[in-house]
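Please open the model in your viewer and keep the selection panel at hand. The tour goes from one selection to the next and says what is found at each stop.

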Amino acid sequence: MARVLFINGGSEGHINPTLGVVQELVARREEVVYICIEAFRERVEKAGASVLTFDGQKFIQAFVSGGREAVQERVNGLLLTADVILPRVLEQIKGQRFDYILHDSMFGCGRLFAQILKLPAISSCTTFVQTEEAFGGMLDQSLRRLPSERAQSIQDTFLRLTAGGKERYKVEIHSPYEVFCNPAPLTLVYTTKEFQPDGEAFGEEYAFVGPSIAPRHSREDALFAELKGTSLIYISLGTVFNQAVGFYKLCLQALGDTEHTVVLSIGDKVAVADLGAIPGNFMVRQSVAQTEILRHTKLFITHGGMNSVHEGLYNGVPMIVIPQSADQPVIAGQAAKVGAGLPLHMQSLTAGQLRQAVDEVLSRPSFREAAAAMRESFRSSGGARQAVNEIFRFKERHRI
């Protein structure tokens, strides 16, 4: 048995894929100490880990203070979180022994912890992975859009922050890529090479283990039983970009009083009353057990978050993808590339266009066939079990 320190910045998309990994590690008699924000304590503890926490609000404030316009500013924001995270966590684990560390690939402080604690490190990547060359091109393009003085100021801030980190924590930070992507001797990527853009560009230090989807307990059995066998359309914009009253009303207009049963998940930032009259074929909920409802779904209308797209394709559900932000346009593009999804643009979307897209995806067998092919690919890849197989191979190589 070994002791593993698992560190994660804390959001649904980064936490959920790791829960099955924690369960599998614990089942194989590893002791897991998991560091995250308080909001995820219960579900991580249910997975079998001991939990330590840091202040999520201070973490977000530090990250956002770096700026949001350019990629380099987001790198700087991640560096600014070090003074929030490092002292708090190092104090909590003082005197404890760990054999290796797992850290989220976009946490920012992951590589820093590995250096400070002098531990063999594994990176946990819940998004698409990037090569250093591709990231460098994206970084340069982002800076070129800015006035030269502003771009230089942002780069000077990076140098100041890295120098400060070296002085305070005795760590080396050689590039923005190290901060933003946290490469490690082994990186677990929770997708397949077939779904990863340019998947063949990545070497043996990247293990594509497939989606890690842990079963979640649900009290909605009666709802799911009622939906079974219907022409079910499920609509969700996820947990972050879901303050979209206009879009929800557009869905009611496009699909109201049709032959479809539509479950619309609106999140906790919008009131059902804000949507006006609800057509009889709609069920509007503030939250839905997504992994459960997708087992009965014929079409998934999604924002294109990595978790959501993985969960949809894991169940063989074709989708309409309406990206909102971040890496979602890239994910939407991949869903379209494999033939399982149809991308739409939120800004110009009309009820007529949405209805037409729904009819197209449901009537063309190619979407269902492509989604079914991805389901088989995802399910055969191993997921959490394969991730832990890779971790144990890593342990053997490092004699842990």
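**A tour of the cavities, a pocket and the sheet**

Helices (H or I, at least four residues) and strands (E, at least two) are DSSP runs, numbered from the N terminus. This is a predicted model, in which local features need pLDDT of at least 70 and side-chain atom pairs count only at pLDDT 80 or more, while totals for chains, interfaces and linings use all residues. Residues are numbered from 1 along each chain as its sequence is written, and side-chain values use heavy atoms, with hydrogens and water left out.

Stay with the largest cavity, which has a volume of about 90 Å³. Of the 13 residues that line this cavity, Pro17, Ser212, Ile213, Asn307 and Glu311 are the closest to its centre, and the elements giving two or more residues to the lining are α1 and α13 (306-314). By class, the lining has 6 nonpolar, 5 polar and 2 charged residues, where Ala, Val, Leu, Ile, Met, Phe, Trp, Tyr, Cys and Pro count as nonpolar, Asp, Glu, Lys and Arg as charged, and the others, Gly among them, as polar. On a 1 Å grid over the protein atoms alone, a cavity is a set of points where a 1.4 Å probe fits but cannot get out, and a pocket is an open set with protein on both sides within 12 Å along at least five of seven lines; lining residues have an atom within 4 Å of a point. Grid points are joined across faces, edges and corners, and a volume is the space filled by probe spheres set on the points.

Next, select Leu79, Gly108, Arg111, Leu112, Gln115, Glu172, Ile173, Glu178 and Val179, which line the second largest cavity, a space of about 50 Å³. Here α6 (110-117) and α9 (176-181) each supply at least two lining residues, and the largest share, 3 residues, comes from α6.

Turn now to the second largest pocket, with a volume of about 290 Å³. Of its 16 lining residues, the closest to the centre are Ile213, Tyr314, Gly382, Ala384 and Arg385. At least two residues of this lining come from each of α1 (12-27), α16 (365-381) and α17 (383-397), and the lining divides into 7 nonpolar, 6 polar and 3 charged residues.

Which residues does Gly383 touch, not counting residues up to four places away in sequence? Select Gly383, found in helix α17, and display its contacts (heavy atoms within 4.5 Å): they are Val209, Gly210, Pro211 and Ser212. Gly383 is buried, with a relative accessible area of 4% (buried means under 20%, with a 1.4 Å probe and protein chains only). Its C-alpha atom is separated by 8.3 Å from that of Val21, 362 residues apart along the chain.

Finally, display the open sheet of 7 strands, whose order is β3-β2-β1-β4-β5-β6-β7, with parallel pairing. The edge strands, each pairing on one side only, are β3 (50-54) and β7 (206-208); two strands pair if DSSP finds at least two bridges between them. Inside the sheet, β4 (residues 100-104) and β5 (residues 121-125) pair in the parallel sense over 4 bridges, and Ile101 stands opposite Ala121 in β5. Bring α17 back into view: this helix lies across β4, β5, β6 (186-189) and β7, running at about 175° to β6, where axes are lines fitted to C-alpha atoms, for helices over the stretch in contact, and angles run from 0 to 180 degrees between N-to-C directions.

Methods:
Buried < 20%, exposed > 50% of the residue type's maximum accessible area, 1.4 Å probe, protein only.
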